[in-house]
Amino acid sequence: MKNNRKVVFGFYFIINLVLLSACSHQNQVPYISNDEQEFIVETAISYFDSLPVTVTAEVCERSAGGPNDFYSEGDYWWPDPENPDGPYVQRDGQTNPENFVAHRLAMIRLSQIVGKQTSAWLLTGDQKFADAVGRHLEDWFVNPGTRMNPSLNYAQAIKGRVTGRGIGIIDAIHLIELWKTLDGYPETQEVIRNLPIRNPLLWVMDKPA
């Protein structure tokens, strides 16, 4: 079951990358104003003091995975008032504010930081922006103590019912933006060139160490 999820996620990932790439070539931005460039660079500079925050920064006790596994919970599932310690029950359209979202927010944060700092690097050619990106990506995808395992086996879990669901692929949408960001770096950027996430299908099919 887990391997099937990895395959589904891998193909979903590739299909979206192809579509996104096609759209990007059709909608090239011909001009970035000076004000926009200044905003991008200033925002990227403001991220210099932002340390990497990966999935290991916060662990949910309800997760069936380990500290390196991405974990999230179904939005519309709540504790059962008649059986508080039992399986969650569904309330369609009502988001449970107590559900675990830390890993999802960390991934969003990563895409925002890497996106802005990559844009600043492309605009200025200043190596410090590329170096900052490398630090975040190494912690997320390389360093054993902090990296995310290449799977979403525990995404969109429901307490008492299932430890993860195939619909968990929706939580990886921000990795697509990340991949497009990495595509902007030249092959001379050694750290970024060697990242396993550069080939998302191989990465997601990999076995955690």
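**Exercise 1. In which strand is the place of Gln-156, and is Gln-156 buried or exposed?**

Before starting, note that this is a predicted model, in which local features need pLDDT of at least 70 and side-chain atom pairs count only at pLDDT 80 or more, while totals for chains, interfaces and linings use all residues. Residues are numbered from 1 along each chain as its sequence is written, and side-chain values use heavy atoms, with hydrogens and water left out.

*Step 1.* Gln-156 is found in strand β4, residues 154-157, where helices (H or I, at least four residues) and strands (E, at least two) are DSSP runs numbered from the N terminus.

*Step 2.* Gln-156 counts as buried because its relative accessibility is 5%; buried means under 20% relative accessible area, exposed over 50%, and partly exposed in between (1.4 Å probe, protein chains only).

*Step 3.* Most residues other than glycine have a negative phi. The phi of Gln-156, however, is near 55°, a positive value.

**Exercise 2. Work out which residues are linked with Arg-104 in a network of salt bridges.**

*Step 1.* Begin with the rule, by which a salt bridge is a side-chain nitrogen of Lys or Arg within 4 Å of a carboxyl oxygen of Asp or Glu; the count by this rule comes to 4.

*Step 2.* Arg-104 meets Asp-75 in a salt bridge, at 3.4 Å from N to O. Arg-104 lies in helix α3 and Asp-75 in the loop between β1 and β2, so this pair ties together parts that are 29 residues apart in sequence.

*Step 3.* Arg-104 also forms a salt bridge with Asp-171, with the closest N and O atoms 3.1 Å apart. Here the linked parts are helix α3 and the loop between β4 and α5, with the two residues 67 apart.

*Step 4.* The network therefore links Asp-75, Arg-104 and Asp-171. Arg-104 is buried at 17% relative accessibility and Asp-171 is buried at 5%, whereas Asp-75, at 26%, is partly exposed.

**Exercise 3. Find where in the chain confidence is lowest and where it is highest.**

*Step 1.* Confidence is lowest in helix α1 (residues 2-26), with a mean of 48, and highest in strand β1 (residues 71-73), at 97.

Methods
pLDDT is the predictor's confidence in each residue, from 0 to 100.
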